[in-house]
Amino acid sequence: MESIKDKVAIIGMGCSKFGERWDAGIDDMVIESAYEAYEDAGIDPKDIQACWYGTVTQPLIGMGCTNLAEPLKLHGIPMTRVENWCCTGHEALRNACLGVASGMYDLVLALGAEKLKDTGFPGLGTGRGMSPVLEARRTAPGSFAMVATRYFYTYGLSPEEGKRTIGKIAVKSHYNGSMCPKAHFRNKITLEQVMNAPIIAWPLGLFDCCGNSDGSAAAIIVPALEARKYRDDPIYIKGLGMSFSALLPQNRPGFDWLHFEELVNSSRQAYEQAGVTNPREQIDIAEVHDCFSSTELIIYENFRFSPEGKAKEDIDSGFFELTGGLPVNTDGGLKCFGHPVGASGLRMTYEVYKQLQGKAQSPERQLKNVRLGLSHTFGGPPQTSAVAILGKELGYP
Amino acid sequence: MAGIISYGAYIPLWRLSRDAIAQAWGSGSTGGERSVTNNDEDTVTMAVEAAINCAGGLEREAIDGLYFASTTPPYKEKECATLVAAAADLRPEIITADFGNSLRAGTAALRAALHAVSSGSAKSVLVTASDCRIGYPRSTYEQSFGDAAAALLISNTAKPIVTMESSFPISNEMYDVWRLDKDTYVQSWEDRFIIQHGYIENMEKAISGLMKKEGLSAKDISKAIFYAPTARSQQELARRLGFDAKTQLQDLLISNVGISGCAHALLMLVAALEEAKPGNKLLMASYGSGADAFLLRVTDEIEKVKGNKRGVKGVIKSKKPLSSYVRYLSYRGLLEPQPGEPFRLFPAATTSWRERNWAIRMHGSKCKNCGTVHFPIERVCYNCRSKDNYEEVRLSDKKARVFTYSLDNLAGRSDDPTIPQLTVEFELGNARSYMVMTDCDPKEVAIGMPVEMTFRRIYEGAGMYNYFWKCRPVR
């Protein structure tokens, strides 16, 4: 198996305003992110040779790439819709990168978009899977809250201690998000607010759950060696990990609910391709899938940012804050930037891309000495995880 | 010899105090409490509980018939006995039939089962009777009715615990209580007329007819198991027939359960059997468009079935108070609860049919190569990837524990907003499965908590009721 490292580069990205976009349809948001990416890359839409479009919550009989081609008037080129739970945005990116790496295309568009706020209710709905009865009452918060329950139990945290631990993650995300003009939620919160918030799915309260948002994000990808023709600061793909597990965790025999194989495998693949041996030291910024604060907690350990069972110490010491050793979710994450499912992987990659270029929106958020960044999504019951590692220098690390 | 070889019962966990009903209406209370089915229960799910309670520990392969009696079945057209039989995991080559319409449907099914076994057309028939009748709001029936199910296994394959000695039927055409095909609530004529010319007159004819036929007098009977719509009418009947209400009359179960329609006579019989002694003569009589009287004799075998988890006593004691009368109205669909977040699923007759072995029978798969147990059935083993190399194993009667959980406030309806979502681990092969917990106080859910399986109505979709298994704290 070859590595994707330094084979392709991102030369332009765009991201729409995230949030409750009552004013905008999915077409409007596709246009917002695509045209920002065209402008950032300095390309004309006619330069695009192929597209990968990620979107999840389409009608039963599907939509293909209609919502991409029609608003952008892209015409006569290959376009593929991808869907892989919450990893959809990353899957659009990964497949676009593979298309370029294969040598078949020289310039492609990866775009993710989601319109969640036309459903009339705040969540993602109840019931999952193919059976009418088996998972009839399963919801996203109900599933991910099981992670917190088992983690607290295993490490002997009382519900109060456990909730305070993950609550600090939410406080961090709100602080970071407050500085992002495009984020869904831009309010700072206190730990007391987190602790006193209504319960969504015990032990998770309102502030442990990410925004249910509309939005879109896009990337233009070219061969690595062509990238500097377009701009001085292209961002290179260093690794693309992706892992899907054979059963939903609830039904997985012997599963401990602490080591998600998909998280461990997808990060390991990406680390190996990139040449990352010590992620805690080598990764300078990470945008990880904080659909719920308990998810971010388990990711710290499964990605080897924190030693096993020690994430609490790193949370308490501020290791993942903007000024910490490894800033995580610097734009507010899914929690505050929002989680329009199909767009999220590309939105997280957008933040890493901007930080690596030194062009983070709102300069007070800009991290110093950023060389290697990671973006990540984790989806399904959960069952699947995708990781992208990006760097600003060829040959590093 | 044909007779009863096992018994079972089911009473829902939830009890509504009659004072709470009276308080809601500013009316009088008759005291005590009544059982109320949860919003995921109906007469089919209660019958499944009673059937499994009755068949627990017995070889289910030996059962070759299942009868389902109810005046309140979930379907007007579509057999319910087949569903009860499948959920009870009986084999398909059996006699099934639904008995309905009459409050005597339960004893009619019992009689038919005895005939089938006596005539040799079946060896072992499981009789279930289950009712969930609804009285008009503020009516006396609303207070007096209760929800329950009973089951009796009639067989000639083992020594019976009870033999049926004789019976005496009366058919009587009159309007006393009834429901039209479109009615939700039980209608009735004036009380004094229907008790005197309906209940008392017909029960008296059947019971005295039986006693005369067998040459018995009241003192020969150990227990008189008389169905009745009210405690007062039961006592009047006993008095007229010369029975001592204090010592001979089987408790009507009205103070703690309520009158459970066509299941009630069988439920009282089950309660009587829990106390019965070898040689006891029992006289059971049911009422509804006539009456049925039965003379039963308890055998020495009765001692062998005592002390296990079967019967009424345990489920009467195992209870939780329903917090309000409003909740009862909502559970029965008399108020419409606001649904939780919309379902993302699409029920289909085809899917239900394909999934019947795991969704209805609750079979898992046990890998013949490595022994891994899955629920639902997995054709390819997660552990060793052996393909189509498994045996089906029943999980509905297996013990399990909570491995991890959450208490979801988005997934439920407005009358039950919190849904405990669980990963459970079964003792059998440590099989894991996603499950929902019912009949619990969400605050009591904890990792390691023992749970048992319960068959429930999940939701209505595509014009059908959809059934599946949940778990509950061990009762």
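Colleague: How many salt bridges are there over all chains?
Modeller: The structure holds 58. A salt bridge here is a side-chain nitrogen of Lys or Arg within 4 Å of a carboxyl oxygen of Asp or Glu. This is a predicted model, where local features need pLDDT of at least 70, side-chain atom pairs count only at pLDDT 80 or more, and totals for chains, interfaces and linings use all residues. Residues are numbered from 1 along each chain as its sequence is written, chains are lettered from A and ligands numbered from 1 in the order in which they are written, and side-chain values use heavy atoms, without hydrogens and water.

Colleague: Which residue does Lys238(A) pair with?
Modeller: Asp6(A), at 2.6 Å from N to O. Lys238(A) sits in strand β8 and Asp6(A) in the segment before β1, so the bridge ties together parts 232 residues apart in sequence. Strands (E, at least two residues) and helices (H or I, at least four) are DSSP runs, numbered from the N terminus.

Colleague: Is Lys238(A) buried or exposed?
Modeller: Buried, because its relative accessibility is 0%. Buried means under 20% relative accessible area, exposed over 50%, partly exposed in between (1.4 Å probe, protein chains only).

Colleague: Which residues form a network of salt bridges?
Modeller: Arg60(B), Asp89(B), Arg361(B), Arg394(B), Asp397(B) and Lys398(B).
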